Amino acid sequence: MRKLLSLTVATLVTTSAFAGGYRIAMQGQKQLAMGHTGVAVVNSAESTFFNPAGLSFLENKFNASIGGNYLSSHTKFQNVDRNLAYESKNAGTPFSAYFSYRINNWLTAALGVYSPYGSTVEWDKNWSGSHLVNKISLQAIFIQPTIAIKISDYFSIGGGPIYATGGVEFDKNLFNGNGVTDENGNRPNVLIEDSGIGAWGYNVGFMLNPTDKLRLGFNYRSEINMKAERGEATFSNIPAFMGGLGYQNGTTAFNAALPLPAEASVGISYQITDKFLVAFDYNRTFWRAYDALTVEFPDMPGAPINTNNPNVNPRNYKDVNAYRLGAQYQVNDTWTVRGGWYYDESPVQKGYFAPETPRNDSYAFTGGLSYNVNSKLAVDVSFLYLVFSEVNASYDHHAEPVSGGQTSSFGGTFKNSAFAPGIGLSYKL
């Protein structure tokens with residue numbers, strides 16, 4: 001039981017992983033089109049996310065950028081030795097909205113609302129990995145009020161608090177396909193749900209402009225510890241013999257705390273000509289914070305695990321890097337085109353590869369354009385094609401509920417890809 005539920009609660013943050021671990025790198029149409037660079041780029045209110053210090057150098061008094069993407073992902077699983085093959089096709093809709101206003105020559109205020117975590121992975125019911133996951137859906141929204149202070153024409157700082165809020169739904173079977181069913185032949189199942197989870201963090205950055213053409217930037221987003229308190233776990237199809245192990249049909253509460261990891265990024269951009277800009281970002285995500293998951297069941301004092309005996313389930317993530325390249329070319333007063341590429345390392349280590357995060361190292365190709373409707377309004381379009389390296393991997397830490405702590409392994413070959421077109425509007429005044 002304790003291993004079962006620890007894996008389910010992990011889904012508060014472990015869902016489709018498109019930016020190392022379980023974060024989705026789609027926080028702005030212009031910057032996504034440029035390989036999701038932006039730490040040293042100043043071209044819209046999207047700087048609220050990428051580096052709030054850059055807001056100080058926007059030319060217009062008011063700036064707004066809103067947009068969203070349609071994220072379509074495709075995962076294939078195969079185990080040749082066991083003659084198994086499955087597919088999972090899923091969709092998500094990450095979005096972002098940023099607004100900035102220059103109060104005076106040295107102070108700018110901004111607000112960002114965006115979804116860096118949130119998508120769905122759904123496999124066929126009762127597939128061979130159903131003891132790990134059938135379906136997982138995560139929604140997480142960040143709300144970020146921000147200020148930027150212009151120290152001089154060459155240097156600025158910025159930052160502000162972040163409030164994260166979200167919810168989770170997770171469904172799985174209890175056993176590793178070993179024929180355990182209830183009296184009607186149904187496999188035991190658990191559904192985990194929670195909503196209204198909230199926590200605080202912060203975002204800070206600085207920007208240095210050594211010359212008129214060169215910008216340097218640094219941005220840091222803190223770890224945010226999301227705590228689920230008295231979420232709902234619903235058990236169904238529990239056979240009678242499992243009553244003595246602390247199982248029963250019905251609903252109970254769970255508590256858990258999980259990290260959304262800290263990130264540090266440095267960037268450089270260079271204006272090669274009046275029309276041509278190039279940028280490079282290096283990102284370090286401190287996934288080591290997610291070394292284990294602790295779960296408590298305050299209303300189940302007679303079960304194998306209770307408030308005084310929390311379960312610790314190892315995840316053993318590692319810190320990883322991402323490398324991003326982007327370019328922007330202003331064709332004329334009406335059209336601007338963009339392109340980019342990035343390489344993103346996976347934090348999942350050998351033996352910890354679970355199908356709720358079916359990913360490996362990845363690389364992405366991005367592109368897009370802006371059409372200036374007039375001097376104030378522009379339509380921004382982006383697309384991303386993301387390919388994950390094919391990997392033969394397994395999760396080796398699943399304990400069957402009646403096995404006395406014996407662990408089982410599930411694995412095979414995973415192959416992933418994702419495509420995400422996006423559209424947005426930019427407005428300046």
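**Salt bridges, nonpolar patch and confidence of the predicted chain**

The side chains of R221 and E263 form a salt bridge with an N to O distance of 3.6 Å, a salt bridge being a side-chain nitrogen of Lys or Arg within 4 Å of a carboxyl oxygen of Asp or Glu. R221 lies in strand β9 (residues 214-221) and E263 in strand β12 (residues 263-271), so the pair ties together parts that are 42 residues apart in sequence. Helices (H or I, at least four residues) and strands (E, at least two) are DSSP runs, numbered from the N terminus. Both R221 and E263 are buried; buried means under 20% relative accessible area, exposed over 50%, and partly exposed in between (1.4 Å probe, protein chains only).

The model is predicted: local features need pLDDT of at least 70, side-chain atom pairs count only at pLDDT 80 or more, and totals for chains, interfaces and linings use all residues. Residues are numbered from 1 along each chain as its sequence is written, and side-chain values use heavy atoms, with hydrogens and water left out.

The whole structure contains three salt bridges. In another of them, R288 meets D319 at 3.8 Å, N to O. This pair links distant parts of the chain, 31 residues apart, with R288 in the loop between β13 (276-285) and β14 (292-296) and D319 in the loop between β15 (311-314) and β16. R288 is exposed at 57% relative accessible area, whereas D319, at 15%, counts as buried. D153 and K150 also pair through their side chains (3.6 Å, N to O); D153 is exposed at 57% and K150 partly exposed at 24%.

A nonpolar surface patch of about 870 Å² comprises I268, F280, Y323, L325, W341, Y363, F365, F383, Y385 and F419. Patches are made of residues with over 30% relative accessible area and no salt bridge, like charges being joined within 9 Å and nonpolar side chains (Val, Leu, Ile, Met, Phe, Trp, Tyr) within 5 Å. Strands β16 (320-330), β18 (362-372) and β19 (377-388) each supply at least two of the patch residues. Y385, in β19, is partly exposed at 38%.

The protein chain has three helices and 21 strands, and 55% of its 429 residues count as buried. It exposes about 17100 Å², 53% of which is supplied by carbon and sulfur atoms (Shrake-Rupley method, 1.4 Å probe; for residues, only the protein chains shown count as cover).

The average pLDDT, the predictor's confidence in each residue from 0 to 100, is 82 for the protein chain, with 83% of the residues scoring at least 70. Over residues 1-22 pLDDT stays under 50. Where pLDDT is low, the predicted coordinates should not be read in detail.

Technical notes
Contact = heavy atoms within 4.5 Å.
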